[in-house]
Amino acid sequence: MNFIWFQVRPFGRLLKALHGFAYNFKRFYSYAGWRSNMKDIEQRNYNAAKIYHSLEKSMSFKNRRKGAGWSDAYALLELLKVAASLGELGYHDKAACKLLWNFIGLEENSQTDQATYIKSELSKLDFSSLDEHGTRVYTAVDFQRGVLESPEAFFLSRYSLREFKDELVSEEIIKRAVSLAMKSPSVCNRQAWHVYHTTERLVKDAALRYQAGNRGFGDRIPNLMIITTDLKAFMPGQEHYQHWIDGGLFSMSLIYALHSLGVASCCLNWSQSPANDKLLRALVDIKDNHTVVMMLAIGWPEERNNVCISARRPLDEVYTRLKVRSGGYK
Ligand SMILES: Cc1cc2nc3c(=O)[nH]c(=O)nc-3n(C[C@H](O)[C@H](O)[C@H](O)COP(=O)(O)O)c2cc1C
């Protein structure tokens, strides 16, 4: 009986995986940006970011191809006209507008017919961004400002903490950490993150109800976050996993941002069954198009903490110098 059970069990797991894929596909079908509905403010803004980032990149190259970027410039103009006609603007709408002004103002572009046309169309729009967009000079000295005196001291002093002081981390510090984490790279700078935060007991209990990994400490978590990414930012084809990737990068940045501010945290897994994901959504108010990447328990560390050592594997188990396969590349 036991033998048969062990033979059959892996197939049961595969079926569960299939169910999970189907659930993710259904969510992607329902909420991802593949319909390219530019009247939807979020879809349009992610699209605008994708296009203006391509222009921004082209503007940053040392050897810019003359005449490069005009098709993107026209595409952006069309999006801006949609934004203007609807009157509801997002950050990327405004950024795209400012970027387009900068693009047509480039020395090599400004005297062209295309620039004259785009300028006349842009002049009809009454919005732009207050931030800088385009390119900036960044020197080796600027870069040096990020070099840590002791990287080991920073990285190796972070541990997942599961017991915290009985004291909340202020909204101000939480927001500062989120702002720092926003400097994370994301595909085409779309920044499809959304963070939900609570300190209320009732909300924390509801959010943690189906999260198994908080047993033994969940009732003493001061601040709780749910980190999500917006499916609307992503297209089918190559991007169906991008929300997990960008969400994972952001999550790690957030953990390090908190660490840099002296705040402790512990990731709480949300690799969940479709049933539990639905149960969570029935209990707390997370937008349908937001995919839960993970939860994060946050708090001030106690004077003395008992942490898991969680030793790391030796480097040679995870690091290999990449080589070309013999005969594989001609
Ligand atoms: C995505 C993710 C999910 C995790 N989920 C849980 C969890 O549910 N409960 C928990 O106690 N720890 C959780 N952890 C923390 C890991 O156990 C921890 O990061 C690991 O053991 C390494 O230890 P360290 O963070 O102290 O270096 C999670 C970590 C990650 C990255």
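Predicted model: local features only at pLDDT ≥ 70, side-chain atom pairs only at ≥ 80, totals over all residues.
**View 1. Aspartate 230 is buried without a salt bridge.** Let's start with aspartate 230, which sits in strand 2 (residues 223-230). The nearest side chain of opposite charge belongs to lysine 232, and it is 6.0 Å away. A salt bridge needs the charged atoms within 4 Å. What does the side chain of aspartate 230 reach at 3.0 Å? It reaches the backbone nitrogen of lysine 232. Aspartate 230 also has a polar contact of 2.9 Å with the side chain of asparagine 289. Leaving aside neighbours within four places in sequence, the residues in contact with aspartate 230 include Glu42, Tyr46 and His290.

View 2. Which helices each supply at least two residues of the patch? They are helix 1 (2-31) and helix 10 (242-260). Phenylalanine 21 is found in helix 1.

**View 3. Serine 36 has a positive phi.** Most residues other than glycine have a negative phi. Serine 36 is not a glycine, yet its phi is about 45°. You can find serine 36 in the loop between helix 1 and helix 2 (41-60). Serine 36 is partly exposed, with a relative accessible area of 37%.

**View 4. Cysteine 188 also has a positive phi without being a glycine.** The phi of cysteine 188 is near 50°. Its place is in the loop between helix 8 (171-181) and strand 1 (193-198). Is cysteine 188 buried or partly exposed? Cysteine 188 is partly exposed, at a relative accessible area of 23%.

How values were computed: Residues numbered from 1 in each chain as written. Heavy atoms only, no water. Helix = DSSP H or I, 4+ residues; strand = E, 2+ residues; numbered from the N terminus. Buried < 20%, exposed > 50% of the residue type's maximum accessible area, 1.4 Å probe, protein only. Lys, Arg positive; Asp, Glu negative; His and termini not counted. Polar contact = N/O pair within 3.5 Å; in protein donor to acceptor, adjacent residues only side chain to side chain. Contact = heavy atoms within 4.5 Å.
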